[in-house]
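Here are my notes on this model. Please read them with the structure open.

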Amino acid sequence: MASGGHPLPIHVPAGATGAIEVGTPGTLLGMFDPARFETATRPLGVGDVVVFYTDGATDVHPPHNLDRSQFLDLVERAVRGGGDAEAVADDIRDSLETVVPFSRRNDDIALLVLRVREAAAPA
C-alpha cells in the first residue's frame, strides 16, 4: 500500500485488541511534483480488516471533532460488531452519521473496507 495524501489505512487484526494505522504518509497526488510516497507491506490473516478512507470522514467542525484515536476506536467497534466488509462499512457509515449528519458536512467521504475471508491456496 501507499498513501498519496489521504489518511493512512487502518488495520484491525482478527483476535487482537486495537486498530492501528499502517504505512507512511505521502504527498497529495496532483499537488506536488514529484509526488513522494513509500510503499509498505503488511501481512494479513483470515478475519483481518483493512479500512481505507478519505479525510471527509474525520474532518468535522468543533464541537464534533473526531480525532485519530476516536476514529480508530470507531473502526474497531465496527469490526468487532462482526459481519462481512459491507456490514463493517455500514457500521462505520452509521457511526459517522451520528457524529455529524452527512447533510451537514462540507467534504466528501470515500470508504473502502477489506476483510480477509479465507487463506489463499499456496502457489
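1. Start with the pairing of I10. Its bridge partner in β3 is V51. This is a predicted model, so treat each point below as a reading of that prediction.

2. β1 and β3 run antiparallel and are joined by 3 bridges. On the β4 side, β3 pairs with residues 111-115 over 5 bridges, again in the antiparallel sense. Within that pairing, Y53 stands opposite L111.

3. Is β3 enclosed or open? It is largely enclosed by the rest of the structure, because 4 of its 5 residues are buried.

4. The largest nonpolar core has 21 residues. I10 and V51 are among the members that touch the most others, along with F71, V75 and I92. Two or more residues come from each of β1 (10-12), β3 (49-53), α1 (68-80) and α2 (85-99). α1 gives the most, with 6 residues.

5. What does I92 touch beyond its neighbours within four places in sequence? Its contacts are V51, L74, V75, A78, L111 and V113.

6. Leaving aside neighbours within four places in sequence, P9 is in contact with M1, I20, E21, V22, V50, V51 and F52.

Notes. Residues are numbered from 1 along each chain as its sequence is written. This is a predicted model: local features need pLDDT of at least 70, side-chain atom pairs count only at pLDDT 80 or more; totals for chains, interfaces and linings use all residues. Side-chain values use heavy atoms; hydrogens and water are left out. A nonpolar core is a set of buried Ala, Val, Leu, Ile, Met, Phe, Trp, Tyr and Cys residues joined through side-chain atoms within 4.5 Å. Buried means under 20% relative accessible area, exposed over 50%, partly exposed in between (1.4 Å probe, protein chains only). Contact means heavy atoms within 4.5 Å. Two strands pair if DSSP finds at least two bridges between them.
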